[in-house]
Amino acid sequence: MEKQKKIIVLCGGKFAFKTLQLLAYEKFISGIGIGNGSETITEALERETENSNIEFKSFPNQKSISEMKNWIESIQPDYIFCISFPFLIPESVLAYGTDKFINFHPAPLPQYRGAMPIFEVLKNQENETAICVHFMNTKFDEGPIIFNDTVLINPGDTYGKLTVRLSERMAQVALNVANMIQFASKIPSQPQDEMLSYYYEKPTLADTYINWKRMTGSQIIALINACNPWNTGADATLLGEQIKIISASLLHSKHNNQPGTIVSMTDTLNIACEDNQQIAIEILSTDQGIMTAQHFGSLKPI
């Protein structure tokens with residue numbers, strides 16, 4: 001019987017945990033490397049790998065990547081899986097072997113390249129996303145595609161909900177690839193179509209800020225969901241105060257007010273939008289803390 005092929009997994013934190021657990025349970029993992037991990041997560045992984053007799057290495061910054069080549073060569077894996085690893089892997093490390101490094105990107109490629117594609121697909125109101133499995137090269141998210149595994153986006157999905165579901169799906173996809181490489185001498189792939197490519201930079205305040213005069217109600221709801229919980233909601237100005245809207249829904253109720261003004265106050269704060277619709281704010285964050293819209297309204301002369 002042919003010897004089982006060894007895999008190293010390079011990851012960036014919690015998003016990869018379900019994959020690590022499943023691949024470790026199936027005895028596929030020979031080493032785990034974490035990039036820029038928090039002290040708590042790094043220590044927890046180090047304990048688990050020690051108990052499971054799995055090699056472990058922390059790469060706290062870009063400079064530490066210089067140690068990766070020797071670490072990989074000491075383990076001699078057949079493949080290296082990457083899941084949300086935060087640093088670009090240099091050509092000197094990739095030279096370990098052609099088509100040995102496989103990335104698992106949580107969005108379809110080449111349309112959603114970048115560090116936070118889950119935010120982007122939600123903000124853009126996509127109906128589906130994907131886990132894209134592709135070989136790696138010296139540029140982020142540009143290597144030949146092995147396959148895109150489609151994942152539906154449910155109505156009301158937040159960044160948190162979709163991330164958890166993608167993490168669970170990622171584990172199954174990675175296990176399927178791990179099983180595939182046990183028997184395949186060559187994994188088929190195809191180059192990415194650069195005509196369809198787009199690279200999203202990491203979101204800034206300009207990307208998370210609600211522009212009441214330019215955004216429709218549905219665009220605002222999509223942005224709020226895309227910012228929950230990683231940004232504690234979408235940034236906005238309301239009654240002259242800088243706030244973050246954590247949860248809201250779309251009201252199909254017309255108005256005759258300027259966008260961004262409060263139309264009415266019930267259990268929710270109902271705000272006028274540019275397209276003559278309203279959003280109903282349910283939960284928001286202020287300098288005084290996270291609170292319901294009703295509590296916020298009680299503190300203001302609305």
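Here is a short chat about some backbone details in a predicted model.

Trainee: Which residue does a cis peptide bond join to P110?

Mentor: Start with where P110 sits: the loop between β5 (101–105) and β6 (113–114). The peptide bond there is cis, with omega at about 15°. The partner of P110 in that bond is L109.

Trainee: Is D99 buried, partly exposed or exposed?

Mentor: D99 is in the loop between α4 (91–94) and β5. Its phi is positive, about 55°, although D99 is not a glycine. For the surface part, buried means under 20% relative accessible area and exposed means over 50%. D99 comes in at 33%, so it counts as partly exposed.

Trainee: What is the relative accessible area of L239?

Mentor: First, find L239 in the loop between β10 and β11 (241–251). L239 isn't a glycine, yet its phi is positive, near 55°. The exposed class needs over 50%, and L239 is called partly exposed because its relative accessible area is 48%.

Terms used
Residues numbered from 1 in each chain as written. Predicted model: local features only at pLDDT ≥ 70, side-chain atom pairs only at ≥ 80, totals over all residues. Heavy atoms only, no water. Helix = DSSP H or I, 4+ residues; strand = E, 2+ residues; numbered from the N terminus. Buried < 20%, exposed > 50% of the residue type's maximum accessible area, 1.4 Å probe, protein only.
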